Number of protein chains: 4
Amino acid sequence: MGNAKIKVGILGATGTVGQRFILQLSCHPEFEIAALGASASSVGKPYKEAVSGRWKQAQPIPAHVCDIPVNECEPEFFKECGVVFSGLDSKPAGPVEAAFREANLRVFSNAKNYRRDSLCPLIVPLVNTDHMDIVPHQQKQLSLDRGYIITNANCSTTGIVVALKALEVAFGPLDQVMVQTMQAISGSGYPGVSSLDILDNIVPFIDGEEDKIEWETSKILGGLKDNNTAFDLHADSPLKVSAQCNRVSVIDGHLACVSVSFKQQPAPSPEQVADALRKYQCEAQTLQCHSAPKQAITVHEESDRPQPRLDREWQNGAGVNVGRIRKCPVLDIKFVSLVNNVMLGAATSSVLNAEVALKKGLLS
Amino acid sequence: MGNAKIKVGILGATGTVGQRFILQLSCHPEFEIAALGASASSVGKPYKEAVSGRWKQAQPIPAHVCDIPVNECEPEFFKECGVVFSGLDSKPAGPVEAAFREANLRVFSNAKNYRRDSLCPLIVPLVNTDHMDIVPHQQKQLSLDRGYIITNANCSTTGIVVALKALEVAFGPLDQVMVQTMQAISGSGYPGVSSLDILDNIVPFIDGEEDKIEWETSKILGGLKDNNTAFDLHADSPLKVSAQCNRVSVIDGHLACVSVSFKQQPAPSPEQVADALRKYQCEAQTLQCHSAPKQAITVHEESDRPQPRLDREWQNGAGVNVGRIRKCPVLDIKFVSLVNNVMLGAATSSVLNAEVALKKGLLS
Amino acid sequence: MGNAKIKVGILGATGTVGQRFILQLSCHPEFEIAALGASASSVGKPYKEAVSGRWKQAQPIPAHVCDIPVNECEPEFFKECGVVFSGLDSKPAGPVEAAFREANLRVFSNAKNYRRDSLCPLIVPLVNTDHMDIVPHQQKQLSLDRGYIITNANCSTTGIVVALKALEVAFGPLDQVMVQTMQAISGSGYPGVSSLDILDNIVPFIDGEEDKIEWETSKILGGLKDNNTAFDLHADSPLKVSAQCNRVSVIDGHLACVSVSFKQQPAPSPEQVADALRKYQCEAQTLQCHSAPKQAITVHEESDRPQPRLDREWQNGAGVNVGRIRKCPVLDIKFVSLVNNVMLGAATSSVLNAEVALKKGLLS
Amino acid sequence: MGNAKIKVGILGATGTVGQRFILQLSCHPEFEIAALGASASSVGKPYKEAVSGRWKQAQPIPAHVCDIPVNECEPEFFKECGVVFSGLDSKPAGPVEAAFREANLRVFSNAKNYRRDSLCPLIVPLVNTDHMDIVPHQQKQLSLDRGYIITNANCSTTGIVVALKALEVAFGPLDQVMVQTMQAISGSGYPGVSSLDILDNIVPFIDGEEDKIEWETSKILGGLKDNNTAFDLHADSPLKVSAQCNRVSVIDGHLACVSVSFKQQPAPSPEQVADALRKYQCEAQTLQCHSAPKQAITVHEESDRPQPRLDREWQNGAGVNVGRIRKCPVLDIKFVSLVNNVMLGAATSSVLNAEVALKKGLLS
C-alpha cells in the first residue's frame, strides 16, 4: 500500500452498528468510506437524509459522510472497496454477505450468520487473530482469489473471552466458566428495547444470547488444526461454559460476573490472575494497529469497578476492563468484566480485524 | 389472647424499613401500632412531622399513625408492647435491641447485628420457622421469662434461600450454589444510593453483601442440634455458596441468577425442579398466618420472567418468584429468582415471623 | 336496571389502554366484561393467549378474563353490551366506532377521532359531564334511539383542565394559560418509546400533543349552546392556551407546570386558589359514582410535591394532584399539576363517564 | 505573556465542579494546574487519594494531576497562581473567596455568593464579558492592585440567557420571559440527588433555583452604568421573568422550555428568530478564546431536538442548543434550549471568563 487510503464500504449503514462504523471510519488513517449500503427505503438518498430520525449518536454525522449516496447492498456498487464492513441484521446478512464474497470482496462482518461456518474465522481482535490463517483455505474451497468473510463475535462473548484468553495463556486451559451478564440496551439496536420493559426493571432473558456465549467461546479459544483448514473445538474435552443473560437499564457497556476453574491445580491466586491480565498482550497490539488499545485488559484496583458509565469510554472503548478479582468458594477465581458493546463489542472489532488483516497482507 | 389486638412497637420508625413496618401493620388483624421509636431529632414530634420529607412510599401515611408521638428507643416507652419490630440501622441496633430484650421485650429485628449470634435464630419465615425452638434456650441463658430476639435475613439472602430450601426438601442436600444478584436501590435505604452512581450504570459491589449471602444461607438451611440449644452449620461438609452482588437501576425487587448442584446424583430434571418449587409449602402457610402468601414460590412459564417491575407486587410481595428453570452446563440446574426486598426481604419477614410466633404461643 | 350488572365490551382489549380497561372493569359493581375485541392476529384466541408477551401490568390478568375469547371489532359480537369501551388506536377507531354507533351501541372512547366532532361530547369526568346533554341531539341527527359516541380527552389535557375548571368556577373565566408537560412513557403505548430515546434523556416533542391541549381545553371548558345542540368555543374571545410537551423517563404520571391569568382583576391570591381547588366538587362526585375520587383535586402543602412516583396511585389514580401554588411574575398564578395518565388520563375517564351516563339514565 | 503558561489554582478541587475544572485545565494551552485546595479531610494527600471514591467522571484523572498535593484553601498556598478557580460550595465560598481576593489573587468563581454583589460582575462568557469593565472599580473600592472576584451564573440561568441576549441584540429589549426547566442530576453535585427521588420520577422543585433564574437574568442582560461603577438593573421597567424548575432523570444537560415577548411589536417571526440565534456572535468568539465554541447557539431543524443525551457534548459542551422555535399563543415566541450544565453551565464558564480576562489584559 502506498499513501492512498483503502476505500471501504459499509453495509447496513443506517442501522445502529452501521452508524458506529461511520464514526469509527470517518477519520481513519488507512481506510476511507467510499460506499454505503442499506435497505430499499434508504436507497438513492444522501446518507444524512436516509438516516434522518434514526441517528442516535452523541456526535453529529461526520460532515463528509452526509452527502454520500446510499446504495442497495449489491456487490456492483462496492467494486472499488478493498474492505466491506457489514453491520447488517442477520436476516439479510446471510445471502448478502455470501454474494459479496462470491464477487471477490472481503467482508468483515458483525452479523452472526457465518460465525459457526466451518470455513469462516470468528475473531475477537484481542484474542485470536491467528485464526485468519484459515482464510487461504476458505478462498481455495470457494475458488476465490480475493474474497472471504471474517466474522467477529457477539458483543457479550467478546466481553468475557479476552480475559479468558489471557488466563489460558498464563495458566493453561480453563475447565469451567460461569457467566452472568448485565447487558446494555444498545445491544438490541434501535428502536430495540421498549422503555416500558426496562425502566425500573430487568429482563432476565435475551433470545439466543446464552447459547452464543457458550458456543462462540469454544470456537474463539480453540485453535486451528489440520494444517489450518479446520477449527479445533475440542469436542472430546470441551470447555464447559454456562451463561445467564440479563437486559438492564444501561445505555452502553455490558457487565459480566465471571467465575472460572482451571484444569491445572492448584489454581493461581487472585494476585497472579491480576498480574496475568495486566500483562496480557495480543497480536493487534504488537502489530501496532491503529485501533488497538494500549492496554488490552485494564485491571481496576477499586472495590467497586469497573462500572459501565465510568469505564466504557476508556481507551475509546477498545479494551476490556476487569475488577474485583477474588477467590470463588465454588470454582477457583471470580471477577467482574466490562466491554463497550458498541465499540469493541461491535464496530471496533470489525475494524480492528481489518487492520490486522492489512498488516498480515490479507488486503493486498 | 382474647379479641384485643396485640400492641406493637416499631424501632427506627422514620427510616425506610420503619415506613414499611407502618404500612404493613397499620391495618393488621392481630397487631396494632402502639409505640414508635426513632433517633433524637424525631423525639417528641408526631410521626407525620418527624418523617416529613423522608416518607418515600407510594401511599400516604396511614391517618391514624400521623399523630402517634415518636419516642426515644428506650424500653420504658414500649412496656405495653407484646412485640417490638426493629427497623434500626446496624449502628444503634446492637445495644438498643439488647436493652429491649434485657427489659423482657420480644424483638423481631431486621437488623444484621444478632443474625450470627449463637443464641438468636435467623429466620426466613418461608423457610426455617422451626428455628424458633431455640428461643427457650436463649431465654434461659439470659435468665429472661419473656424477652428474646428473633432476626430475619438480609434481603438478598431471603430472595434465594426459599427456593434452595424447597430443593433440599425435595431432592436432598445441595452441594454448590452460585448466585449473582441484581439488587434494587431501595435495599440501601434513603438517601442511600446516589443517582449519579446508578443512572445508566451498575455498581458491581455492595459492601458486606456477598459475605452475608454466603454465611446466612448456611445458618438458615442448617438445623438445630444438641437438643435445640445450638445451630448446626455443618462445619465439616459445608454447603459451598459463591455470591456476586450488583446494584442496579431498579426501585424495588432483587433479582438473582442462581445455579446449583445436588449432592445426590443424578440431579433432578428442570421439570422436576419446577414441580418441587411449585409444591413447596412452609409452616407459615400451614399455620394460616395472615401475611403468608398463598403460593410460597410462584413458578413462571414465560421465558422472560420474573421481572422486578411486573412481579414484585404479586401476593403483596410476600412470596418468591422463580423462572427460567433449565439445565446448567457447569452445575446441575440454573434459574432466576425474584424477591420483593422491601416486603418479604424486610418488613414482611419480621411481621410474618411474629405471626408464626403468635401461633406457636411465643407471644403469650 | 335491576341487580344485574350491565354487560360491557372492550375494543382494543390487548393494547395498553385496553389492559387498563380490563383491570378497571374486572371487579366493577355495575359493569361486567362480556366481550373483547382486538385486531385480526388476536381473533379466536382466549384473551390470555392473545395478550401473551404484551401484558405489561404490575398485576396479573384477572383470572375470569383469561379465557374470554377475543373477537373481531364488529358490532355483531357486542350486541348484548350496554356499553362498549374503546381503547382503539386512532387508525382503526374512526370507522369502527362509527359502525358501533350505527349499530345502536353506546361507545365510550379514549381515541382521539371524534373529540373534535360537532356532535360528540369531549368529556373529562371531573369537569364537564353536563356536555352529555348533547347526546339526544347526536342521536336525533343520526336517527338512532340508543347509539352514541362519548369521548374523553387526551391524557395531558385531562391533567390540567380539572384545575382550570375549578379556577373558572371560583374566579370567573381565565384569560391565558401556559403549560409545560413532562409526560410518562406509558402515554405512548407498547412498545412505544424506545429506551434509547428516553434513558438519560428528554424528548422535547410529542407529535400532535400541544395542539390537542390547546384545542381540547377550549371545548371542555366551553359550554353547550343553541339549546344543547352545539358547543360554545367562544371563537370571538378564545381562551389563549400555549403548551410545550416533553417525554421524560417516568413510567406513569404526567406532570405539568402551569401558569394562568384571569380575566377578572385583581387576581386571586395563592391561598385563595388553593382553597378553591380544595373545595372543587364535580357532578361525578355528587352523583356518587363508583370510580369518582373522594377529593377531585388534592392540594399538596410540601414544597416538592406532587411527584409522579409518590402521588400517582393516590385515590387509585382517579383524582388530580396540585402543588406549589404561587404568584407568577408574568401571568397571575403558577402551580404544578399531576395526573395518572393511564388511570384518570385514560381508562378511568371512560369508565367514569359511563358511570355518570348510567346515573343520568343514558344507559337505559 | 511569553510562552510560559499561567499557573492556576483550583478551590474545591475534589468536588463535582472541581473535577470538571481539572479535566478542562489539564491540557489547556494557556493555563497549567499548579495548586489544589479542598477541605480538611483531603489536605496533605495527593489528589488521586484525596478524591478516591468520589471521582465520577467518564475519563480517568489526568496522570499529571494524580500526585499534586491537596492544600487547605488558604491564599498562602496559591501565591504563585495567576488565576484561582473556585468550585467551592456556597458555605465555605463566601469567606474563602474574599480572603483570596484580599490576598490580591484573582478569583473566577462558580459559587453563588458574590453573584449579587454590587462590585462583582456576574458573567456568562457568551453574553456579557463587557461587565469585566467594572473590575477596576472593584479593585479601587477595595484598594487592591491585582485581586478581584468574577463570578459566573447558575447553570440553569446560563442555559437560557445566551438565547435571550441574542434576541435582544437582534430585536431590542424583551418584555416577558417564561421558563420551565428540566434539570440534570449532576447539577446537584455528589452524592446530591438520591436515586429513590429521581428514578421513575420528577421532583418539581429545586431550592432557590427559580429565584436565581429570575434575578440573575436581569443582572446579566442589564448593562453597566455610572461610568462602569454600577450594574443597571432597570429597576423601573424590569424584565419580567417567571421560572419553574424541575429535577429529572438525566445525568448531564439542562433543558428549558422558554416563551418570550418583545417590547417592540410586531414581534419577529420564528424564521427571523432562528436566523438571529444562528448569527449571534459574542466577544469570547471574536477574541478567539481557546474554549469558545465555534457556534454560540446551534439551531436545530429537527422537530424533536435538542435532546440532552444527543446534543450536550456537541462543541465540547461550550455552546447552547436551541430548537422548536415557533409562535406562542400567549407570548410571542417559544422554543426549547439546552445547556451542558457541567460544561458551559459551570467549569467552562469560569475558564472561558479567565480566557477573556487574559485577552483583555486583566491577568497581567
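Lys334(A) is buried in this predicted model, its relative accessible area being 2%. The side chain of Lys334(A) meets that of Glu214(B) in a salt bridge, with N and O 3.3 Å apart. Because Glu214(B) sits in helix α7 (residues 209–221) of chain B and Lys334(A) in strand β14 (residues 333–339) of chain A, the pair joins two chains. Glu214(B), at 21% relative accessibility, counts as partly exposed.

Asp200(C) and Arg312(D) form a salt bridge at 2.7 Å, N to O. This pair also crosses between chains, running from the loop between α6 (195–198) and α7 (209–221) of chain C to the loop between α10 (308–311) and β13 (320–327) of chain D. Both Asp200(C) and Arg312(D) are buried. In another salt bridge, the closest N and O atoms of Glu210(C) and Arg326(D) lie 3.1 Å apart. Here helix α7 of chain C supplies Glu210(C) and strand β13 of chain D supplies Arg326(D), so two chains are again joined. Glu210(C) is buried at 11% relative accessible area, and Arg326(D) is buried at 15%. Within chain C, salt bridges with shared partners link Asp275(C), Arg278(C), Lys279(C) and Glu301(C) into one network. Over all chains, the count comes to 57 salt bridges.

The interface of chain B and chain C, by contrast, has 0 salt bridges. Each of these chains brings 12 residues to the contact, and about 1,100 Å² is buried between them, 57% of it from carbon and sulfur atoms. On the side of chain B, Ala58(B), Arg309(B) and Leu310(B) lose the most area, together 40% of what that side buries.

How values were computed. Residues numbered from 1 in each chain as written. Chains lettered and ligands numbered in written order. Predicted model: local features only at pLDDT ≥ 70, side-chain atom pairs only at ≥ 80, totals over all residues. Heavy atoms only, no water. Contact = heavy atoms within 4.5 Å. Buried area = accessible area lost by both parts, 1.4 Å probe. Salt bridge = Lys/Arg side-chain N within 4 Å of Asp/Glu carboxyl O. Helix = DSSP H or I, 4+ residues; strand = E, 2+ residues; numbered from the N terminus. Buried < 20%, exposed > 50% of the residue type's maximum accessible area, 1.4 Å probe, protein only.
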